[in-house]
Amino acid sequence: MECVLRSTSRCLSFHSHITRLAVTQPKNRQLSTKSQGYEPISMAYTSFQQTGPEKISKEPPVIIMHGLMGSKTNWKSLGKAINAKTGRHPSVVDKLFVLDVSPLSISKDISTLPRFLEIMQRIEVPMHLTMQEARKYTDEILRPAVPDPSIRQFLLTNLNNTEEGYKWRLNIEAIANNFNPFISTFPILDEYERYEGETAFIGGELSDYLRREDEEAIQELFPHSSFHYIERAGHWVHADKPNEFLKLFFSLLD
């Protein structure tokens, strides 16, 4: 559920936060009609930029938006790698890279997310536990509903130790309250509203989030799109095959 944007304006360097095309129900996903009337919000970000004038690129900046339940730290290593390769310092998007998610179909895995959120809301971690103990304690509570250890570890990256005790970095209540129909659906567009910019959909060969049979329908919304699949990669394409992802990304960026 991640996106990489290339902006045509010059000031921003590198954001971290990926969520462009969210998620929904099987096969043909439901579309949301509630896409109007929201105020912009401030977003946390990390900027990677070269300081030497000889290293500052004249190319547009690259902006990365992480996926739901993720954070900007998920892209720290690859963000630095992209900066080292491209240099640079957004209001208009020049290119769009969509990582393993579709505006039409979704993975069956997404249906379990509301259950994850429900459990996460109920967890109360004893304040006296160390972070290591707290993660182990929470992991045991999550295990029955989240049998995949990699997903549990991903969720546990959001556990934070504050002065008031252990809390989730995520606004779990807001995500749970807005998952259906806002987060889990793609907004209905006017007949003439399409993204006309260059778009690359990058999927994992082993993932069912982006499906080859949906390509033609996706091009109705993104007419200048291309589709690419990384071998032996799952949904977390950039984490499963970082070298292969970067190689493909740079070739498409140019």
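Reader: Before that, what are the ground rules?

Author: This is a predicted model, so local features need pLDDT of at least 70 and side-chain atom pairs count only at pLDDT 80 or more, while totals for chains, interfaces and linings use all residues. Residues are numbered from 1 along each chain as its sequence is written, and side-chain values use heavy atoms, with hydrogens and water left out.

Reader: What does the secondary structure come to?

Author: The protein has eight helices and nine strands. These are DSSP runs numbered from the N terminus, with helices being H or I of at least four residues and strands E of at least two.

Reader: And what percentage of the residues is buried?

Author: Of the 254 residues, 46% are buried. Buried means under 20% relative accessible area, exposed means over 50%, and partly exposed lies in between, with a 1.4 Å probe and protein chains only.

Reader: How many aromatic pairs are there?

Author: The structure holds seven. Rings of Phe, Tyr and Trp (its six-membered ring) pair if their centres lie within 6.5 Å; planes under 30 degrees apart are stacked, over 60 edge-to-face, and the rest tilted.
One of the pairs is edge-to-face, because the ring centres of F201 and F222 are 5.5 Å apart and the planes stand at 80°. F201 belongs to strand β8, whereas F222 is in the loop between α6 (215-221) and β9 (225-230), so the pair links parts of the chain 21 residues apart.

Reader: Is F201 buried or exposed?

Author: F201 is buried, with a relative accessible area of 0%. F222 is buried as well, at 2%.

Reader: Which kind of pair do F201 and F227 form?

Author: They are stacked, because their ring centres are 5.2 Å apart and their planes are at 15°. This pair joins strand β8 to strand β9 across 26 residues. F227 counts as buried at 16% relative accessibility.

Reader: Which residues form an aromatic cluster?

Author: F97, F245, F249 and F250 form one.

Reader: Where does the charged end of R212 sit?

Author: The charged end of R212 sits over the ring of Y229, 3.9 Å from the ring centre. The criterion is NZ of Lys or CZ of Arg within 6 Å of the ring centre and within 35 degrees of the ring normal.

Reader: Changing topic, what lines the largest cavity?

Author: The lining consists of K95, L96, F97, E198, T199, A200 and L252. β4 (93-99) and β8 (198-204) are the elements that give two or more residues to this lining.
On a 1 Å grid over the protein atoms alone, a cavity is a set of points where a 1.4 Å probe fits but cannot get out; a pocket is an open set with protein on both sides within 12 Å along at least five of seven lines, and lining residues have an atom within 4 Å of a point.

Reader: And its volume? What is it?

Author: The largest cavity has a volume of about 30 Å³. Volume here is the space filled by probe spheres set on the grid points, which are joined across faces, edges and corners.

Reader: Which residues lie nearest the centre of the second largest pocket?

Author: I151, F154, Y209, H235 and W236 do, out of 30 lining residues. The volume of this second largest pocket is about 700 Å³. At least two lining residues come from each of α2 (113-122), α4 (149-156) and α7 (237-240).
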